[in-house]
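Subject: Structure for your review

Dear colleague,

Please find below the structure that I am handing over to you. My notes on it follow directly after it.

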Amino acid sequence: MRRFTRLFMDLDATTATGDKLALLEAYFRGADPADAAWAVALLTGNRPKGAASTNALRDLALEVTSLPGWLIGECHAAVGDLSETIALLLPEPERTTDEPLHRTMEARVLPLMGAKEDTKRAIIRDAWAVFDADERLVYHKLIRGGFRLGVQKRLVTRALANIAGVEHDVMAHRLVGAFVPSAANYERLLNGEGDDDQHARAYPFFLAHPLEGEASALGGLSDWAAEWKWDGIRAQLIKRGGEVTLWSRGEELIAHQFPEIIAAAQQLYEGTVLDGEVLLWRDDRPLPFAALQSRLNRKVAPTHQMSLFDETRAVLVAYDLLESDGEDWRGRVFADRRRRLEAVIRSLDGETIRLSPLVDAGTWDELGSLQESARERGAEGLMLKHRGSVYGVGRTKPGDTPGWFKWKVDPYTVDAVLTAAQPGSGRRASLYTDYTFGVWDRSGEKPKLVTFAKAYSGLEQDEIERLDRWIRKHTTSKSGPFRQVETVQVFELGFEGLQESRRHKSGIAVRFPRILRWRTDKTAAEADTIETLHALLRAHTG
Amino acid sequence: MNDLVVQTECGLWCEAGGFYVDPWRPVPRAVVTHAHADHAIPGCGRYLATAGTIALMRSRMPGEIEADIPAFGERVRLGRTTVSLHPAGHVLGSAQVRIEPDDGGPVWVITGDYKVEPDPSCEAFEVVPCDVLLTESTFGLPIYRWEDPAKVFEDINGWWRSNAAEGRTTVLLTYSLGKAQRVLAGLDASNGPIGVHGAVLGPTGVYRDAGIKLPEVMHADAQHAKDLKGPGLILTPPSASGTAWLRKFKGPGGIRTAFVSGWMRVRGRRRWQSVDRGFTLSDHADWDGLLDTVRRSGARRVGVTHGSSETLARYLRESMGLDSFVVPTRFTGEGGDETETGGED
């Protein structure tokens, strides 16, 4: 537990990916396989769920520390994390322990599940008596089931791949599904079990550059192909060795969440890799990204919930072909790959795997007006791809001419009034950085502000600090960490899309809201109205 | 009945004595608890403070400073009061102010900033019995409890050693007056050379003159960069973090930075500072230190200022049955930063 706690703290302290990777590798190399197995499970999200509730922990902490509840609340507000707050409030342990992680899991975490309240309390109090503040923090995270380490699964995958001496994709494939923590499974993870996993390997994605300046500066329009830029999940669909896999750009396997795409891909020829966008489609247009997100979050095997999928159909809008007949096509030019792609898609039945249409225009101006209509089609703009470009790796190096550009339409913007704030979490726990915004509803006798968005990014550090001070001085009411403030400050908010929502008072939810500017030049009365948002919504949904 | 000390536009005012304590605007007569910039301001007519405080002020402020410099515990007549200064353990020369009115009314003690732990770089804190205690509350939440400083220094020295072994220069971010010298006193100089930022040099000299034993240091300038790269340790105020000046000292294995402050007790603060390590070491009293001081002072009334005032005052009232009140400070932000309340550059 001590080594794992040190790993947690060290990972937490650094933001450098290289350092995190080195820490993970050092941990795994020095760990007993039984401990390493648990670390893999915990770090990749296969953790025990809900062994103890937050309230139970809090009640027990009240009892042990004999502090008043309100004071624990104040501490929570200052720390921003209840697991940590309680860890810091408890008295120092009477004795210490050097027990290995797997012992902690077996003796102090797993037995909590399904145990009677009294038993739970005894187990937790016993743990508090031997763990120091850092160990208690990690322990709380383990038993509350909200364990997150600030490392992505792919980094853990890469560390394990380095130790095992295999490619990242191979290790990712070995880690697919729930990893059952045992020493034997850890050994199997490192040594592999036959090498059919080569089949699952994805290619690195080629990335586009944002278009800055005029599109016409790119030269002759005939050299460029234009496609709609969809707001979905970038994905690679792979058919090899009789097996189909679907990788997201985050190097996550997402096959389980999109069974209809996997089913349709069975028709592909052996040795085919397509690059495209996963979208949920209804009638003639894609659904907003939020709909996809709920799909992505599903972890349950799809066979049990097939009916859920009947409402919406997932499709893969294919726009590139990376491998055909088992041959790597990435070195061929776009025009050639596109021709082959069209042939491949034409050979398929059904519309689940479909071709990304080319957007034709005679002039850059014409293309520009089509680009402006992207929103009405459920797209975010256009992609421009040079017909003579090869499929590169990642983003083009500075200095080289990018093969792909993304030409996004400007985000939606409104001027909104700051109505409330609360401290951020984690590193921003001591500053008010989570803001709530409202716009005017002038339909009643007296205009009132209705809240419609929260945003916590987009300001410079000095602005954050200035606003933090302002908020503290202009609070009108407090409820826990949440402060209502005088409705004075106006901010220009940008967002990518919007949809109807019953959760928000305004009836509208916006996507990716962020602060574009602090409008110190505007008074609250000059901010936008809810009617502005409804007009945008009508335009958005067409 | 009027209180002996009241808060005014210019700071804490004692009418019977005709003086302010740690005024925040120039006044004719100022009693100063310690030399940090938010407590000791230039431009007052005449000061009363300890020898250490005045020496530090003279090294930091331009112009003449007219001052009375009583010894710790020495009773001085000011107006219709008797005033004495008692060690606060915060930084060199830091003092609590005891005020006894001639009219036989309650005796007040104003703690200024203080800590109760041992610190070889300044005079040890003493509890001063009184009727009304005015305490700071920078770390007035029960989440703040300090480890034994000896253990913290063991960690700092161990971290420095392992950095040096990897050819990484060690950087400690500390406030230049007080914390820097306390850290210096705890460093194991056999680990490697120690360099300090220019802002740390001045106060360090004053400490030495006052007889505080500190290891040899060099000015961390271009000339000494080659000695410090790798095995060296550099003490600098946080403002120099991330500057080109600091990058000059990058060792073959890189550079590792730690923040040394009581705020480092909370993970979010460590991450907020974006440092590699946080060492929890404070020159303020922790929760237990605050409560213990209140109890041992025997005060019936307790004013709370500078930090988590509302929280500590409520706890004293509701859980300890004391008559407590909040003394507003110049800084309206609660949970303020040590960079504000610690008064550094």
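Chain A contains 18 helices and 20 strands, whereas chain B has 10 helices and 19 strands. Helices (H or I, at least four residues) and strands (E, at least two) are DSSP runs, numbered from the N terminus. This is a predicted model, in which local features need pLDDT of at least 70 and side-chain atom pairs count only at pLDDT 80 or more, while totals for chains, interfaces and linings use all residues. Residues are numbered from 1 along each chain as its sequence is written, and chains are lettered from A and ligands numbered from 1 in the order in which they are written.

Confidence

The predictor assigns the complex an ipTM of 0.89 and a pTM of 0.67. For pLDDT, the predictor's confidence in each residue from 0 to 100, chain A has a mean of 85, with 92% of its residues at 70 or more. Within chain A, the element with the lowest mean pLDDT is helix H14 (residues 289-296), at 74, and the one with the highest is strand E9 (residues 353-355), at 96. Chain B averages 92, and 95% of its residues score at least 70.

Each chain has a stretch that calls for caution. In chain A, pLDDT stays under 50 over residues 301-307, for which the model has 4 contacts beyond four places in sequence. In chain B, pLDDT stays under 50 over residues 331-345, and there the model has 38 contacts beyond four places in sequence. Where pLDDT is low, the predicted coordinates should not be read in detail.

Burial and contacts

A residue is termed buried if 20 or more other C-beta atoms lie within 10 Å of its own, exposed if 12 or fewer, and partly exposed in between, with C-beta atoms placed from the backbone. On this criterion, 39% of the 542 residues of chain A are buried, and 52% of the 345 residues of chain B are buried. Two residues are in contact if their C-beta atoms, placed from the backbone, lie within 7 Å. Of the contacts in chain A with a separation of 6 or more, 71% involve residues 24 or more positions apart; for chain B, 59% of the contacts between residues at least 6 apart join residues at least 24 apart.

Nonpolar cores

A nonpolar core is a set of buried Ala, Val, Leu, Ile, Met, Phe, Trp, Tyr and Cys residues joined through C-beta atoms within 7 Å. The largest one has 151 residues, and those with the most contacts inside it are A:Ala39, A:Val40, B:Val31, B:Val97, B:Trp108 and B:Ile143. Helix H3 (residues 33-43) of chain A provides the largest share of this core, 8 residues. Leaving aside residues up to four places away in sequence, A:Val40 touches A:Val156, A:Phe179, A:Pro181, A:Tyr186 and A:Leu189. A second, separate core of 53 residues includes A:Phe206, A:Ile262, A:Trp329 and A:Ala379.

The contact between the chains

The contact draws 24 residues from chain A and 22 residues from chain B. On the side of chain A that touches chain B, helix H1 (2-13), H5, helix H6 (82-89) and helix H17 (461-473) each supply at least two residues, and H5(A) makes the largest share, 5 residues.

Helix H5 (residues 69-79) of chain A is largely enclosed by the rest of the structure, because 8 of its 11 residues are buried. Among them are A:Leu71, A:Ile72, A:Glu74 and A:His76. H5(A) is followed by A:Gly80, whose phi is positive, near 85°.

Sheets of chain B

Two strands pair if DSSP finds at least two bridges between them. An open sheet of 6 strands in chain B has the order E1-E2-E3-E4-E5-E6, with mixed pairing. Strands E1 (5-8) and E6 (67-68) of chain B stand at its edges with a single partner strand each, so one side of each is left without a neighbour in the sheet. Strands E3 (residues 19-21) and E4 (residues 29-31) of chain B pair in the parallel sense over 2 bridges, and B:Val21 stands opposite B:Val31.

Strand E15 (residues 233-236) of chain B is covered on both faces: B:Leu233 and B:Leu235 on one side and B:Ile234 and B:Thr236 on the other are all buried. E15(B) runs parallel to strand E12 (residues 168-173) of chain B, joined by 4 bridges, with B:Leu173 opposite B:Thr236. E15(B) also pairs in the parallel sense with strand E13 (residues 194-196) of chain B over 3 bridges, where B:Val196 has B:Leu235 as its bridge partner.

With kind regards
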